[in-house]
Amino acid sequence: TNQQFVFDSDGTFRPNISGLCIDLQPTTQSQVWGGPLANAAYAAVLLNRDDISLNLTIKWSDLDFPKTSSYTIRNLWQHKDMEKFSGSYTAFNVPGHGVAMIKLTPA
């Protein structure tokens, strides 16, 4: 179990702090779910619903972030801080029926 992520009893993701979740990119192959956290941070789950590995992208415009903003990404699944990203973030080779879980913090 990943302790950095919390799900409600109805199966919907809820950040530990507050906020509702939204389905940002509903498609037949992938979904991106996100919700606000404290201190202007955001959490997102990139879900691969396909049978094969896919690269999944979340765009700042999906989250109503300014396109010029930079965010530090933390991979919640791997418990690793990553570099700063501007405009979008792509999770590469997300396995079929797998997820990438990230936290976005203003840089």
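Let's start inside the sheet: Ala-91 sits in strand S7, where strands (E, at least two residues) and helices (H or I, at least four) are DSSP runs numbered from the N terminus. With a relative accessibility of 5%, Ala-91 counts as buried; buried means under 20% relative accessible area, exposed over 50%, and partly exposed in between, using a 1.4 Å probe and protein chains only. Leu-56 lies 35 residues from Ala-91 in sequence, yet their C-alpha atoms are 5.2 Å apart. Leaving out residues up to four places away in sequence, Ala-91 touches Leu-46, Leu-54, Asn-55, Leu-56 and Ala-100, a contact being heavy atoms within 4.5 Å.

A word on the model before we go on. It is a predicted one, in which local features need pLDDT of at least 70 and side-chain atom pairs count only at pLDDT 80 or more, while totals for chains, interfaces and linings use all residues. Residues are numbered from 1 along each chain as its sequence is written, and side-chain values use heavy atoms, with hydrogens and water left out.

Stepping back to the whole chain, you will find 8 strands and 0 helices. Of its 107 residues, 36% count as buried. Among contacts between residues at least 6 apart in sequence, 54% join residues at least 24 apart.

Take Ile-102: beyond four places in sequence, its contacts are Tyr-42, Ala-43, Ala-44, Leu-46, Ile-58, Ile-73, Arg-74, Leu-76 and Tyr-89.

The loop between S4 and S5 holds Ser-69, which is buried at a relative accessible area of 16%. Again setting aside residues up to four places away, Ser-69 touches Trp-60, Phe-85, Ser-86 and Gly-87.

Finally, follow S5 onward into its partner. S5 and strand S6 (residues 80–86) run antiparallel and are joined by 5 bridges; two strands pair if DSSP finds at least two bridges between them. Within this pair, Thr-72 stands opposite Lys-84 in S6. The two strands form a hairpin with 4 residues between them, and His-79 in the turn has a positive phi of about 60°.
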